[in-house]
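Subject: A structure to look through, with notes

Dear colleague,

Please find below the structure I promised to pass on, and keep it open while you read the notes that follow it.

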Amino acid sequence: MAGCNEILHPTGGANDEHVPFDIWKEVQIALRTSPDHLPARANHLVTKGDPEALFQFVRDEIVTYPDMVDRLSYSGDQIRWGVRGTLRGGAGTPREKAELLATLYRRAGWEADILTGDGLPDSDQVKRLLCRPVDRRFAPDIDNAQIGEWQDRLKQPKKESSAIEAIDKNGDESKHLGKRLYEQLPDEDLSPQEFDWDSGNLPIVRVVIDGTEHYADLFALNAAFGETRESIERLDEAPEASETLPVEVTLSAATADDPEEPVDLVSGSWSADELVGRQLLVQTLPGIDPFDQPTVTFQDVQTFIPALTVQGMDLNQEKMAGLSVMGDAVTRAGDQLHIEEDGTVLRNGEPFVAPDGGTGATAVSELRVSADSGRFPEIQLNVHALDDAGDPVEGLPAMAFEVEDGKDPVGVAVTANEQAPRVLILSDTSISMPSEYRNEGMEALVKTLRDKVVSEYPNAKVKQQYTSSDIWTSLGNSAGTDANLIVYATDGHVNDELTPEIETALRQGPPAVMLSVTDDLKDENLQQMASLTDGTLIAASDQTNAKDAIMDYLETLVTDLPTYVLTYGSPAPEDASGKRQVSVGITDSRANGRGSYLIPDSPALPPHFAGLYLTVTIGKQEVTRTLAGYDPVRHKNQPATQKMVDEVAGALFGNHMLAFEAAAPSFSVWFDDFLSAKLSVAELDKVLQDGDNKAVQQQKSVGIAALPPELFQLVAPLPDAVTDQSLTFQDGPRVVLHQQRPVFGADHIVRHADLLPFSGFATAADDPSEAFRLTLEQTARLAIVESALFETSTRSMLAGASLGEIGEIDREKWDDENWDKWDRLLDPYSGSDYQLLPENGAFDSVFGAFWNIDQNTGELMGILGDGSGGGTAKDGIRKQIKAIDRVVSMLNILVIGSGAAGIVTGPGALALGIVAAYGQTLARLYGAAALAIAIMDASKVNKQVDAALALLVCNVAKKITYALTGAWVIAMAENLLGLGAGNPLSCT
């Protein structure tokens, strides 16, 4: 392998062909000759126009799945994932097989429809129908001479395949794991479901060829094309097929000051047939085009556009765009931005920027600046922008401001752009509050006060928020909002304490008018709150007097309110201390203002996103995963932390992909997709070589695809799933959540795969106990794969542990803290499944892991401490974060239209335009750094980046292995695709 300071690039082949892409196209064509490539075989038969061969193909090559988990349905109308998924995965319900054959006949130019008739006469025939093994061999028409010729054209040295250990060779490991876990289950409680071998009505395809009707009975054991099963007494029109499973996906987030209340960022709905065999990219797109902003840093990016983007190797850009969904832009602080048709920008539903963009920047003649560093590294600038007459100049977009922190230019977000009161009214909800300050009484006070404020100051904003008796915490959190006056009604009964972080936030935040509803003006807590915020304490038992006092205080405050509030991330080094200077200028104006701030010893937590969540619903089953940060189960009733905020910040720049499959695709089908993803880079690579900047911009809008190599192992076929005695099948689609994200403030990226519990594996066999055991062994295969691909998995965490079933463990031996943690983790599974966990309740430093076994079917899932089913790995990136922080643009090929309203300036410019259909995956720096490097030629990246890129190649690239038969297959993958080789393409 090349040294870590060297980046290799393929050289041109004969006749200046486009290497390696032209060779990959030839490999892809050859793959489609493999017997296990069912879509290619179907296409060939359609072209050939042989109705009998098509009938035999669907009958013999597509496995029949029961359309219910414990039997065949009586109506024969059930659809799970549709025709395309049935062909891709080689398995489907009886109706899906019939729909597939009818579709192929229609594609061949014949009329075809579906009828229904009596089912099979006895259970033996049903068993023979379902338990029919299929031999799917990976055997493309490729010989050693062809591989050698491809290697010559790639200018790659011929070499023997490196020693690769197959994952779970012959299924021995999964059988051993399944047997060990089966023996841990309580014998007396085992009552697995029994499979019903009876058959209801089954469909028959009718095809018209040259005016003659022919029947194609896919479920008659010995019927030839044109014949039907003997048990049929009559044929009827088939009932309308059921809808495929509905799928809904929602991305949501919660801020640090309210982590228990996430808000939806983007949501989309699809049918299963639109997603199987494809990927849904869950994205938070930076509201910038870093290609055009070479000085951008991660701190500068304040605004993101959430999107759910469908990626399919069989789809063109237009179709992918039609299936994709984009939400409103959102800031790190949780503000949602929406543009109305007339160009008005709404911030959290309220008008923020008018279409005319406000007064011209040239009118500004004076700037006064003060800086708030209470939530360092977030800095808030309060800016007074005045004209020659001393009047405020309002409504300027963020792009009008030029801000430097020290000597570093920074991108800022505008959170206020007019000199107007923004009043936040907090109300203590403790039962000791008097009735006039609770429920209807408090609502009446807020309405009256809002009317008074807006009547006096038409542009004012008044919001209300209820709080618990954690008065210090609530006040500290509110100091980080855009409010410039806080009004807090409380009886002074305080459940929490003042911390150094809260004190820092209060000293630099807005003033607070503390309303003592008991008229206790000597309450030390309330006095201190008023003092720290430069506010005041008011006796408030008489609401009329209290309202008048608030209005009087507001009158003294409003004349000194800033015209603008700007926020940005400080570029100060992590170990910086002391004072930093800030300067603010205006484009097209000589006005300049200066301010300074001290880096605090104990900064408060910025009100940024502290939790990021993904909810997937298929049919009636809903699963929510924490992508990063605050976990509502593990961290319940705990405050958010800076570590959580940092995790979410990294996740916003990461990659999150949902991969959907019906039954498992064969290797040739998946490898075909993998090549298509790599070939999507070809045109961009070509224009980069040509140096055609205009063409580069155009290709950026087209985008490229990405498929993590380890996905195949997580969706690969189970070994011996079909025998002549049993059938292990899925009752739902296989869904894998794959993540890669940087961890800011650490030296690694996190790779994580999560097998979401939608597959519903079960086994049809005569003996229910044997069916249970087979399902357990088969699904143990997935746990073996997870442990092979990832450092942390349920298998690795429980290795060597003495396990017990939760119902038989003596909890008295555990301490209360451990039991509480287990209780929260096990709650979603309690009462319906078996859980095997360490008998002593042992945890790692964070949480535990356990095996969950479906009590009806035996399906096994390994559950990690975060509630996910999968594995996690950390890949070191050492100094790359600092080395390439300022060259994001060199690695990020995103196309996002310019934002009309200019909410964010320069490196953080808001983009609310049309997003490329799926090109956003190329370079989320660390989330897909390897893919970015794959298309970069060192000659096209300025020299200061080369060292960082070389390090990133060595640290991110992973050698992915497959359990394939034949060394030549491994050699082809390594030498033709760079899997494990020392060139940049090895990182894809």
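To compare helices we use axes, which are lines fitted to C-alpha atoms, for helices over the stretch in contact, with angles that run from 0 to 180 degrees between N-to-C directions. Helices (H or I, at least four residues) and strands (E, at least two) are DSSP runs, numbered from the N terminus.

Please bear in mind that this is a predicted model, in which local features need pLDDT of at least 70 and side-chain atom pairs count only at pLDDT 80 or more, while totals for chains, interfaces and linings use all residues. Residues are numbered from 1 along each chain as its sequence is written, and side-chain values use heavy atoms, with hydrogens and water left out.

The pLDDT is the predictor's confidence in each residue, from 0 to 100; its mean for the protein is 80, and 81% of the residues reach 70 or more. Over residues 1-13, however, the pLDDT is below 50, although this stretch has 30 contacts (heavy atoms within 4.5 Å) beyond near neighbours in sequence.

Helix H8 (residues 172-184) packs against helix H21 (residues 768-789) at an angle of about 125 degrees, and their axes are 8 Å apart. H8 and H21 are therefore oblique to each other, given that angles under 35 degrees count as roughly parallel, over 145 as roughly antiparallel, 65 to 115 as roughly perpendicular and the rest as oblique. Among the residues that meet are Leu-177 and Leu-181 in H8, and Phe-772 and Leu-776 in H21. The residues of this contact between H8 and H21 divide into eight nonpolar, three polar and five charged, where Ala, Val, Leu, Ile, Met, Phe, Trp, Tyr, Cys and Pro count as nonpolar, Asp, Glu, Lys and Arg as charged, and the others, Gly among them, as polar.

For helix H2 (residues 38-48) and helix H3 (residues 51-61), the axes come within 9 Å and cross at roughly 160 degrees, which makes H2 roughly antiparallel to H3. The contact is made by Leu-38, Arg-41, Ala-42, Leu-45 and Val-46 of H2, together with Ala-53, Leu-54, Phe-57 and Glu-61 of H3; by class, it has seven nonpolar, no polar and two charged residues.

Lastly, Asp-335 lies in the loop between strand E12 (329-331) and strand E13 (336-339). Is Asp-335 buried or exposed? Asp-335 counts as buried, because its relative accessibility is 12% (buried means under 20% relative accessible area, exposed over 50%, partly exposed in between, with a 1.4 Å probe and protein chains only). Leaving aside neighbours within four places in sequence, Asp-335 is in contact with Ala-329, Val-330, Arg-347 and Asn-348.
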